[in-house]
Amino acid sequence: EAISEALSELCLLLPSAEFPGDAPALLAGDAEVELAEMEDSCESRSQLHLCSDGRVSVGQTDGPPPVSTCGVWQCGSDEFQMVIQRTFATQRFGNYRITRVYRGAVNPDSSGINLVQGQMGFHPDAMEDELPAGRTGGLFEEDGLGGASAIGFFSIDGNTLAELESDTRVSSS
């Protein structure tokens, strides 16, 4: 219920109903994670704070720095969904907004690396702002993104230090 209240006050809603089950411990509470986005030939990494009330706060990034962001997320025991809207400013074109929807599978065996992996796409409510003129609808009729167009892939890493320590113990054995 807290997620529904938070969602009603934010920029966009999640494209799917809440997934059943509890989020993994690494995503419970207020979690700090790393989001890797792979779109076309570009890859970027961003620090995210997944707040327990369903909001997403975007931290440092190696991609273009946005002037503002808003987002929401939700995770069940098997599936994860998130929407992030970023606003950028350019001198030549002014402000523009990019909205992405992320939907993926939770890896229950992960101690951090690739905790969630899935597809990202245009948000169905924001596609008209991002698709080329004359093009409507998604790239895929039903791709599991709630009507969004799949444009790339993402992964979420949590507790990366624990995963790296585990890899070190394995390689030194």
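**Gly 104.** I looked up Gly 104 and found that, at 10% relative accessibility, Gly 104 counts as buried, where buried means under 20% relative accessible area, exposed over 50% and partly exposed in between, with a 1.4 Å probe and protein chains only. The model is a predicted one, in which local features need pLDDT of at least 70 and side-chain atom pairs count only at pLDDT 80 or more, while totals for chains, interfaces and linings use all residues. Residues are numbered from 1 along each chain as its sequence is written, and side-chain values use heavy atoms, with hydrogens and water left out. I placed Gly 104 in strand β6; helices (H or I, at least four residues) and strands (E, at least two) are DSSP runs, numbered from the N terminus. Leaving aside neighbours within four places in sequence, I listed Asp 78, Glu 79, Phe 80, Val 116, Gln 117, Gly 118 and Phe 154 as the residues in contact with Gly 104, contact meaning heavy atoms within 4.5 Å.

**Gln 81.** I found Gln 81 in strand β5 (residues 79-90), and Gln 81 counts as buried because its relative accessibility is 1%. A polar atom of the Gln 81 side chain lies 3.3 Å from the backbone oxygen of Ser 16, and I noted 3.2 Å for the backbone oxygen of Ala 17 and a polar atom of that side chain. Not counting residues up to four places away in sequence, Gln 81 touches residues including Leu 14, Phe 19, Trp 73 and Tyr 102.

**Arg 100.** Arg 100 is found in strand β6 and, at 7% relative accessibility, counts as buried. I recorded a polar contact at 3.5 Å between the side chains of Arg 100 and Glu 39; such a contact is a pair of N or O atoms within 3.5 Å, of which, within protein, one must be able to donate a hydrogen and the other to accept it, and residues adjacent in sequence count only if both atoms are side-chain atoms.

**Whole chain.** I counted 3 helices and 8 strands in the chain, which follows the pattern α-β-β-β-β-β-β-β-α-β-α when read along the sequence. Buried residues make up 40% of its 173 residues. Of the contacts between residues at least 6 apart in sequence, 54% join residues at least 24 apart.
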